[in-house]
Amino acid sequence: MESIEHINYIKAPISKVYNTLISEDGLGNIWTKKLQVKPEIGFVNEFDFGEGYITKFKILVLVKNSKIVWECIESDEEWVGTKVSFELTEKDNKTKVILKHFNWSERTDFYRWCNYNWAMFLFRLKNYCES
C-alpha cells in the first residue's frame, strides 16, 4: 500500500487550523466552494471539484484540536477505500499539520498528481489560517 504524507507549520492557533479543516467555510476557502460538510463522526462530507462526480468522505475520527480522519467512500476509483488524516500539534505559537492520504493500492500517475495537490492544499491552508 502507498501513502502520501506532508507536513507544514502554520503560524496560527491550533483551534483555527482545526476549525478550518472541519467547517464548510474553512474548507470552502481552501479546497472547493461546492461542498457539504458537517463536523460529526459518521457524517459523509461531499466535495464537488467539477470533474463529473462527487467525492465523498465519511468522517471516522474527530478529536478536537488534534486529529481528523476521513475514509473515501465515493470518488475516482483510485481514491475509494483510501483514508485521509490530519494530525495537529501546537508548539511555540505554531501549529504542525501532518497530512496523510493512505491505503493507495499502487503508485500511479494519479497518485503523483494527488501528492502535488495535497501539498498545494496545505499551502492554501497555511495562507488562509495566517491571514
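What volume does the largest cavity have? The largest cavity has a volume of about 30 Å³, a cavity being a set of points on a 1 Å grid over the protein atoms alone where a 1.4 Å probe fits but cannot get out, and a volume being the space filled by probe spheres set on the points. This is a predicted model, in which local features need pLDDT of at least 70 and side-chain atom pairs count only at pLDDT 80 or more, while totals for chains, interfaces and linings use all residues. Residues are numbered from 1 along each chain as its sequence is written, and side-chain values use heavy atoms, with hydrogens and water left out.

To see the cavity, select its lining (residues with an atom within 4 Å of a point): Leu21, Ile22, Val37, Lys38, Pro39, Asn45, Ile59, Leu62, Ile68 and Trp70. These divide into 8 nonpolar, 1 polar and 1 charged, where Ala, Val, Leu, Ile, Met, Phe, Trp, Tyr, Cys and Pro count as nonpolar, Asp, Glu, Lys and Arg as charged, and the others, Gly among them, as polar.

Next, select helix α1 (residues 14-22) and helix α3 (residues 109-130), which pack at an angle of about 125° with their axes 10 Å apart. Angles of 65 to 115 degrees count as roughly perpendicular, under 35 as roughly parallel, over 145 as roughly antiparallel and the rest as oblique, and α1 and α3 are therefore oblique to each other. Show the side chains of Lys16, Val17, Thr20 and Leu21 of α1 and of Phe121, Leu125, Tyr128 and Cys129 of α3, which make the contact (heavy atoms within 4.5 Å).

Finally, turn to the largest pocket, with a volume of about 240 Å³; a pocket is an open set with protein on both sides within 12 Å along at least five of seven lines. Of its 14 lining residues, Trp31, Phe49, Trp79, Trp113 and Asn117 are the closest to its centre, and α3 gives the largest share of the lining, 7 residues.

Methods. Axes fitted to C-alpha atoms, helices over the stretch in contact; angles between N-to-C directions. Helix = DSSP H or I, 4+ residues; strand = E, 2+ residues; numbered from the N terminus.
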